[in-house]
Amino acid sequence: MSTLITRRQLLKGGGTSIATITIASIFGFQLDSVRAAIPELRTKNIKPVPTICPYCGAGCGLVVYTNEGAPADSPQVLSIQGDPDNPINRGGACPKGSALMNLREIYNSETGEQEINSERIKKPRYRAPGSDKWVEKDWDWMLDNIAERLKETRDKHFEHVDINGILVNRCEAIASLGGAALDNEECHLISKMNRALGITFFEHQARICHSSTVGGLAPTFGRGAMTNHFVDMQHTDCALIIGSNSAETHPITFKWLTEARDKRKAKIINVDPRFTRTSARADIYAPMRSGTDIAFIGGMINYLLENKFYHEEYVRWYTNATFIVGESFGFDDGLFTGYDEATRSYDQSKWNYEMNADGTYKKDMSMEDPRCVLQLLKEHFSRYDIDTVCKITGTPRNKYMEVLDTYCATGASDKVGTIMYAMGTTQHTVGVENVRSYAMLQLLLGNIGRAGGGVNALRGESNVQGSTDWAMLYHILPGYLNTPEAKKHPDYAAYNAVETPKTGYWKNKPKFLSSLLKCYWMEDDPAISYDYLPKRIDGKDYSHIALFEAMYQGELEGLFIWGSNPVVGGPNANKEQAALANLRWMVAVDLWQTETSEFWTYKAVERPTDRDEYGIKTPDEIETEVFFLPACNSYEKEGTITNSGRWMQYRWKACAPVGESRADLEIVNDLMSRVKKLYEGSTEPQDEPINRLTWEYGNNGHPDIDIIAREINGFTVVDGKPGPQVANFTKLMDDGTTACGNWVYSGCYPADQYLARKRDNKDVEHEGSKAIGSYLNWSWCWPVNRRIIYNRCSCTPEGLPWDANRASIWWNGEEWTGNDIPDFGKTTDPNGAGGRNAFIMRPEEVGCIFTKRNEGPFPEHYEPWESPQENLLNNQPFNPAITVWEPDKRGTIKDYPIVGTTYRCIEHWQSGIMTRMQPWLAELMPNCFVEMSEELAKEKGIGNGNEVIVSTTRGDMKALACVTKRFKPFLINGNYVHQIGMLWHFGFNGYASGEPANRLTPHIGDANTTIPEYKAWLCDVRRA
């Protein structure tokens, strides 16, 4: 008989024991010793282990109950429940968290027994060129061969010095993709390895989901992260949810919004093209056509400026509304001054501020000067009147007025509103400016830096925030330092001169760069080790779309895939799948066989029609070697992840890995150790970045987490070796005496404790105030454990809270104190020099309503690249600064009259590989569907449940029709426009399978980050 018992059996057994004791007691048996043993019997060999959910970026806590006595290769998990101690979810769990057991174990429906999920890969697998099958190999053979392929490709294509004689140390024939679900410690090692190898094509999921968040928030506020956190939503007076169906994608948000509604009578507004589960729980639902956010928000800005609903004192002191802009700046018919049509770019020097003789910014504190930012803003958005906005967006006028009056009321000093958004906002050719418009609105209303306020980006993957902080992207180094470009930053001195501003906290950038370089190459002077960093070609795009375009052209030879699935999740998935066949070799690291790891199979060839836009090949035609390395799931290993609210939480190992699967941390450590061994003894200068690399985490075994954590935090360097830990980033130096893996995380391991492991959930309130849900002793939060960034704005200019009931910090006459860590100098007098500079990461040290972005300093409405409607606000057909890769693939309304969009459901997650492989979730949502209005279905002769084919210029997909009232035709400038939506989670593998919706989406990206336009494109639909 198996000793493994289910939770139901455990309770049943406990009940039997109690009944037996009761009967025995009647007959006079002495059972004191048995009674004492019962609690032990009920919990014997059961080990509760806390973890963090591996799905969305909320950071909900879970507890894994395991049977310690079970063999490593057998079922070990008894149950997984919400963690009642975690302050984010307080024991709650969504369907995905509740089904987490299936990541390792399932119940066999035929035998009724618990067993290892058969979809998990237990041993490494190899696919030979031209083969149609996998062959199992041992780890040593796999890693040795991967290291050899890597070295062969690097040596063949490595560029040590470019044609200008600049040391560039780059290899543009190898790419690395993925990592948003990896632990921070794993991201640290991968980022370090890739820089040493010279890889420039280095991307992960943030590029295609939230890169426009950083591109919009950082130039406005100084940092690109969620300003508040999930628990803080309880303090809002009004939540504007736009571009997000958070009730499904981030369910925990409604736990806190419901609390705000119950306790504060808060209002919830939902703006969405479809009536969603979020809409059903909102006080106001306003429909809006996809791709018209800037028109919608621009109308709100115009309305509050016209009626003076903005928070005037806040705007005067904490924004650049008072700054005077130079006479060279102007705007005409959708174009700002400085536009070059030939290059599709702007000369941004035309948008400079006017300066005083002493180098300070010229201001008008009355905000009446016609050249001040506030007056220019009024002029810019004066065209966004209510009727025009409603013609563009399709929003009914009465609903729009409800939104205006309800949300603009948060401009009062005793009210606070929050804006919550996700990929419905970010994934557009104007994604950055969508985010910018939200940020500007919140600055005008005085909602930044305050409890219950903020611009809150709801991240879609468990560690997409952390992996972005770790620069799993081509354009940044860890801590948001720009990666070097050859001509712009040829050496260490040039980099610091170009990149270091004279004002704002970024003036400390040389300290952060020096310490990062010492972390990578500890024995070398930073001025020397800077040369080891790969220098990208100036102005070249290495982002996700550009990476696959290069691959499609045969310019890449090798690819690492870390938990990513672009054959389902990438834009224009047909082209991205075809591109993979041009590689010489590929390494995929995952729990399961993804559609990407099996792009070469016969299953991958199947299509719903005969159309083949990109030449999909059969297995015998594909020469790509594929190495598949089985990885551990989130509770089979240990490490930290950082949620969307910047909380760095620890996940403990709960049970043994499945089969021979390994943690990514162990894989990358072992692989890089082998690569270093292959280069050992080389005297070639191009091999110095590898040979000089500091890499001492374990001898081909599982690295020591604490060694890595100390390196991340930073320490003093003594004789080329790690010395005492630094307290935080204020102690980092620019002279090579400190090393730090990521300056924004400095402070997470200041002495002898990894603060991410803290689990004290008592919300300590400062004397004389109310607790606000900061939970400063639970986990650790960057920067320096601060829970609400820009919190200087929570007070009046003199330092008193705007609202005493939601006080974050305040000035007590000697220092800043309160319920959070001040985002400001602790002893800076509010009435002294710089005492009102609330946005220290900006050179202006104020929030920037006016700031430089590639398409302009103010957001302007442009239609999507494929649109059913001419632009009613200007004569630009679409964003004039975007890069267009395939102009011939632009669909027109003549052939494709319907707006298409993609979205998620609560039962599945992202590309579906973590949910379609689970029988519980697959049973809940077994089919891919296309949602359409009753009116469109009638027009097309489609019935509910019919198979339909959706077509674009890129390809076709087949799915089931879901005819619903949740979509309604939009009345756009007098004409009706239909919109349809489809789930994008499906692929050809798993318990639930279907066709990828991203076979339809275009290779087109926004002007700043090249995030793809998944949410608004043209299509047509017909019965299959």
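How many cavities of 30 Å³ or more does a search of the whole structure find? The search finds nine. This is a predicted model, in which local features need pLDDT of at least 70 and side-chain atom pairs count only at pLDDT 80 or more, while totals for chains, interfaces and linings use all residues. Residues are numbered from 1 along each chain as its sequence is written, and side-chain values use heavy atoms, with hydrogens and water left out.

A cavity is a set of points, on a 1 Å grid over the protein atoms alone, where a 1.4 Å probe fits but cannot get out; lining residues have an atom within 4 Å of a point. Volume is the space filled by probe spheres set on the points, which are joined across faces, edges and corners.

| Cavity | Volume | Lining residues by class |
|---|---|---|
| Largest | about 600 Å³ | 20 nonpolar, 18 polar, six charged |

The largest cavity is lined by 44 residues, of which Ala181, Gln205, Glu461, Gly563 and Trp909 are the closest to its centre. For the second largest cavity, with 25 lining residues, the closest to the centre are Gly243, Asp272, Gly424, Thr902 and Tyr903. Strand 12 (267-272), helix 16 (423-426) and strand 33 (898-903) each give at least two residues to this second lining; the largest share, three residues, is from strand 33. Helices (H or I, at least four residues) and strands (E, at least two) are DSSP runs numbered from the N terminus.

Terms used
1 Å grid on protein atoms, 1.4 Å probe; cavity = no way out; pocket = protein on both sides within 12 Å on 5 of 7 lines; lining within 4 Å. Nonpolar A, V, L, I, M, F, W, Y, C, P; charged D, E, K, R; others polar.
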